[in-house]
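I opened the notebook on this one to look at the fold first and the chain contact second. Here is what I looked up.

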2 protein chains.
Amino acid sequence: MGHEQIKQEYEQFKQRGLRLDMSRGKPSPEQLALSAPLLGGLDDFRAADGTDVRNYGGVVGLPEARALFGELLELSPEQVVVDGNASLALMHDTIALALLHGLPGHAPWRSLAEVTFLCPVPGYDRHFAICQALGIRMIPVPLRENGPDVGEIARLVANDASIKGIWCVPKYANPTGAVYGADVVEALASLRTAATDFRIFWDDAYRLHHLTDRKHSVPSILDACARAGHPDRAFVYASTSKITFAGAGIAALASSPQNLAWWQKHVSVRTIGPDKVNQLRHVRFLKDRANVEQLMDEHRKLLAPKFAAVFTAFERTLGDVAGVSWTRPEGGYFVDLVTPPGRARRTVQLAREAGIVLTPAGASFPYGEDPDDEHLRIAPSFPSLAEITQAAHGIALALKLAVSE
Amino acid sequence: MGHEQIKQEYEQFKQRGLRLDMSRGKPSPEQLALSAPLLGGLDDFRAADGTDVRNYGGVVGLPEARALFGELLELSPEQVVVDGNASLALMHDTIALALLHGLPGHAPWRSLAEVTFLCPVPGYDRHFAICQALGIRMIPVPLRENGPDVGEIARLVANDASIKGIWCVPKYANPTGAVYGADVVEALASLRTAATDFRIFWDDAYRLHHLTDRKHSVPSILDACARAGHPDRAFVYASTSKITFAGAGIAALASSPQNLAWWQKHVSVRTIGPDKVNQLRHVRFLKDRANVEQLMDEHRKLLAPKFAAVFTAFERTLGDVAGVSWTRPEGGYFVDLVTPPGRARRTVQLAREAGIVLTPAGASFPYGEDPDDEHLRIAPSFPSLAEITQAAHGIALALKLAVSE
């Protein structure tokens, strides 16, 4: 198909006057409706141990909320603390506390000349935004299909004591859908690091968020670190944001006893405790892992057709375009659409002119800079199936036009 | 009454085997029950502007929640952001952000050799704990009946550029019940400070928490600061912790446009937004200021008799003990019981042996150090009226015995 023909097809699409924001990985109203009972009444206000959830206290969360997350994360309740509605806040605060107070037995990071994090790319823009805001230097490392390049990571951390952390989304990674292999988990746990307070920030955001029958499993990073003689190396984050309500769920942090004691000590200065009413609502609604897995199957029924529509549209319009590819994630919330070098920004612009707001090109890289300008994060979850079918076609046309220019 | 007789009376009290924790200012179950509708169902999930409160977003809070706090604080909605369940967290985070990033146009406090806060004493232990944890030096200044000693404050801030803040509880202060006079508000707003980023941390925790018909009013610190040419000087904090549920309310921060823009910028890195479902529940339940004031009247009916029981017991047992006095707050949650020098710790110990856990002596002072060991914070809210009547008698006996020793 020649440039003029592509342009004509794109212009025709533009005439449809679509208006769609696909910039973020938001659950759809239909997904949120699956947790409607959370909007209902709470029969009583007593936790299992008699705690009045309405009153102050309980900085590490309700015991039954810890037990529920323990079951979901395959950890014991003592390894988990449960907090408010945002795991992102737990990640931010872990780093802010490390800056202000230092990790157990170590100097505050604020006293150091430089603090560096490794950032598997493409990755999650909000992770990188935390580093950027807090003045933490970022070194990108390549993310493969089975996790980040552990050879390069090993080389970097062995010699640079300023490298204090690495961001990891171990399952159905944002945005590629990568699933870490057991060997990668083992290698990360076993790294010999120049920094003695090196930490893995393990954002287990999509642990239960399968899109196919192949329900991937990733070995426990906490167990692997303990076995490797680095029991304090990992902080694990999870939430119900994409299980119940994106804005009104509950979030959890899991780590070693020493890390959790450190966390509790510092967080107790900040708050008397999280919202235990919402924790109890969640425990009553979610019940146990089996019930959560059934709920996730309902999410999958709503999400999988949207991903399929994206794949179909891309296949049809982009299947024969050289240098274009996309991931086919088996879980999570995103597709990574790879353009020929230098064509991602232009595609976003053309899509916007056709009424489709995409995540800014470069967002999946530290400082928003994709060196080859070739990654686009596609977020199919929020629009309706009809909308996403149209939009995927429009995005494909925009990319095809960007390539032909 | 001689020592032996006092001791005998104390020992008799001990035999009752009371077990009561009066260490914190927690609302009673009866108070929490006043907000039972919050445990009920939420009819729909749409805010007035159509926002789906279940989903992500809205880092400054729901417009109607901002409007409600605006009404309660006598400010416009644009001057207020609404967050999660803890105003303490907002205070902590304001200071943490000032340390990490600096206030608008100023260097991060972490880059300074010293940061100092003024602490009116006796004051709120959790304020002081934040400073202590974050390495902020504290200078106590005397709190009078109508606010802190502004003469001494003016002298200190004029010459010491490390003084970046002052803690204030302007109405029914914890623990004395002091109410700031209009002249004090004016003086604080007009202070000439060596630091150009000096801030007043205005914890308006008990704004609507009257115990008598005399409903005190304190002039707006934001207005006073603006009039005095220091529009960015004050951060105002409030919450519904002692209006609805202590552990599951909503909290607000009010300040100048520049300060709120700074807040929003940094908090947007930490979270995608607060729990808007709970904000909408609160708006639907609390409705408006008139309705909140009716609710506060119901709180007062439960609280005022408990304070009266404390006053009666103290009067009867301690009325003739030299060097003993107590405040008679007209609002708030606490009574400051003043012992003769060096008798507060001993009284806490004797009370504990009689089954009554009090706030540790010294808690109302920076570093927990009451130089004269003479202040005890009495928290009558949580126990039942029968319990508090007994407990106040027991505390009075413990103090009387401590004095007679």
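How many helices and strands does the secondary structure of chain A come to? I found 13 helices and 13 strands, taken as DSSP runs numbered from the N terminus (helices H or I, at least four residues; strands E, at least two).

Ground rules: this is a predicted model, where local features need pLDDT of at least 70 and side-chain atom pairs pLDDT 80 or more, while totals for chains, interfaces and linings use all residues. Residues are numbered from 1 along each chain as its sequence is written, and chains are lettered from A in the order in which they are written.

Burial next: I found that buried residues make up 58% of the 405 residues in chain A, buried meaning 20 or more other C-beta atoms, placed from the backbone, within 10 Å of a residue's own.

Then I turned to the contact between the chains. It takes 44 residues from chain A and 45 residues from chain B, counting residues whose C-beta atoms, placed from the backbone, lie within 7 Å. On the chain A side, H4(A) gives the most, with 6 residues.

Last entry: I looked at H4 (residues 87-100) of chain A against H4 (residues 87-100) of chain B. They pack at an angle of about 60°, axes 11 Å apart, with axes fitted to C-alpha atoms over the stretch in contact and angles running from 0 to 180 degrees between N-to-C directions. The residues making this contact are A:Ala96, A:Leu99 and A:Leu100 with B:Ala96, B:Leu99 and B:Leu100.

Methods. Two residues are in contact if their C-beta atoms, placed from the backbone, lie within 7 Å. A residue is buried if 20 or more other C-beta atoms lie within 10 Å of its own, exposed if 12 or fewer, and partly exposed in between; C-beta atoms are placed from the backbone.
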